[in-house]
Amino acid sequence: MAVGIDYALFIMSRFRQQLSEGNSVKEAVGIAVGTSGSAVVFAGLTVIIGLLGLAVTGIPFLTVMGLASSVSILLDVVVSITVLPALLGMIGHRMAPGKGNRLFKKFGTKEGQPKKNSWGKILTGRPVLVTIVSIALLVVIAIPFTHMNLGLPDNGTANSKDSTEHKAYELLSDAYGEGFHATLIAAAKIDKDKSTEQVQQDIQGIRQDISDLDGVKSVTQAMPNETGDLYIISVTPETGPNDEETKDIVKEIRGLTNQDMELIVTGTTAMNIDISDKLSDALPNFAALIVGLAYVILVLVFRSILLPLKAVLGFLLSIGTTLGFVVFVIQNGNMIDLFGFSGESSIRLPANRRNRHSIRFSYGLRGIPCQQNARGIFSN
């Protein structure tokens, strides 16, 4: 909706400008579509490329979201360069050119007086100095981006302090520790050919190995299934679901797999960690694809190499600066109260409430309890 309104206003603004210059309605429509309309097509293509690039992550629900959104953007572009010009042709004669903002006119220069722009003179007077200082400032702001910690929202960070979800989260954390919200389920697959005594020794040994890991608060007794070839162990870490220490515990438990026993980890926390890691691994390829295709389109449109290169580098710097400041505030905890955040947290990935609440316990392959969302993503 926002993109459609933006594209329509862009073309309509150019249309009214052409009317103010004395062009007829038909001429104004043609010029507006030929100039601003071309820019709309270019802008729409870049957005579509970005949305289709979500398929690079390899996560089904993100791919579907990107495809659906790209179709809506395509329809916005089509409507903007077909339906909108037709409507302008019908009622364009009623759209008189704007008279300007009265407030700005009071503080602006009067007709006949030379126009002054002190800020423009400062920027253009010392372009090299202004460029160096600006880039240096943006690079400094972007530095925190280098240690960004991705994660999915939880009730401790996704809701305001006054919400019942956040209050319940805090009460449970005070009573049982942050790790209560990050419980992991470790499933150990045992060879049936072993004796009962040997199996018990192996299980006790793996429980002890998990208990000895740094950051593990408690480990429950292993619960076997009916056939006795699968044991479930509940592991409670000392840290919360989005802490780096919890991610390390998940990786270390999976690393305990040996020839005699296969150890896999599941649970809501493990699933969220896997999704975060998968997105982190896909981000470089995603960025390279988007930036590369955008550069190619810019070269074709502007028929230049240096100008698109400057635009792409400026885009990367702006993204890095934006994410750097987000990490500085949300993840590092600086100025949290000023911006109204409930507390420090990892950088949340885009996940709507419906997707997060669709997670449920179910029995997966070979009777292994695992977390499955609506798209069938398993954490193994």
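A residue counts as partly exposed when its relative accessible area falls between the buried class, under 20%, and the exposed class, over 50%. Glu 262 has a relative accessibility of 37%, so it goes down as partly exposed. Keep in mind that this is a predicted model.

Glu 262 sits in strand E6, which covers residues 261–266. Leaving aside residues up to four places away in sequence, Glu 262 touches Ala 187, Ala 188, Lys 189 and Thr 257. Take Lys 189: it is 73 residues from Glu 262 along the chain, yet the C-alpha atoms of the two are separated by 5.2 Å.

## Where H3 meets H4

Next up is a pair of helices. H3 spans residues 60–81 and H4 spans residues 83–91; their axes come within 3 Å and cross at roughly 25°. Angles under 35 degrees count as roughly parallel, and that makes H3 roughly parallel to H4.

Which residues do the touching? On the H3 side they are Val 78, Val 79, Ser 80 and Ile 81, and these meet Val 83, Leu 84 and Pro 85 in H4. Sorted by class, the contact of H3 with H4 has 6 nonpolar residues, 1 polar and no charged.

## The largest pocket

The largest pocket holds about 1000 Å³ of space. Its lining is made up of 32 residues, and those nearest the centre are Leu 283, Phe 286, Ala 287, Ile 319 and Leu 323. By class, the lining splits into 26 nonpolar, 5 polar and 1 charged residues.

Which elements give two or more residues to the lining of the largest pocket? They are helix H2 (25–52), H3, helix H11 (268–302), helix H12 (306–331) and strand E7 (347–348). H11 supplies the largest share of that lining, with 9 residues.

## Two residues with positive phi

Two spots in the backbone are worth a look while you have the structure open. Arg 303 is not a glycine, but it has a positive phi of about 55°. You'll find Arg 303 in the loop between H11 and H12. Is Arg 303 buried or exposed? Its relative accessible area is 78%, so Arg 303 is exposed.

Met 335 is the other spot: a positive phi of about 60°, although Met 335 is not a glycine either. Met 335 lies in the loop between H12 and helix H13 (336–339). With 39% relative accessibility, Met 335 counts as partly exposed.

Note on methods. Residues numbered from 1 in each chain as written. Predicted model: local features only at pLDDT ≥ 70, side-chain atom pairs only at ≥ 80, totals over all residues. Heavy atoms only, no water. Axes fitted to C-alpha atoms, helices over the stretch in contact; angles between N-to-C directions. Helix = DSSP H or I, 4+ residues; strand = E, 2+ residues; numbered from the N terminus. Parallel < 35°, antiparallel > 145°, perpendicular 65-115°, else oblique. Contact = heavy atoms within 4.5 Å. Nonpolar A, V, L, I, M, F, W, Y, C, P; charged D, E, K, R; others polar. 1 Å grid on protein atoms, 1.4 Å probe; cavity = no way out; pocket = protein on both sides within 12 Å on 5 of 7 lines; lining within 4 Å. Points joined across faces, edges and corners; volume = space filled by probe spheres on them. Buried < 20%, exposed > 50% of the residue type's maximum accessible area, 1.4 Å probe, protein only.
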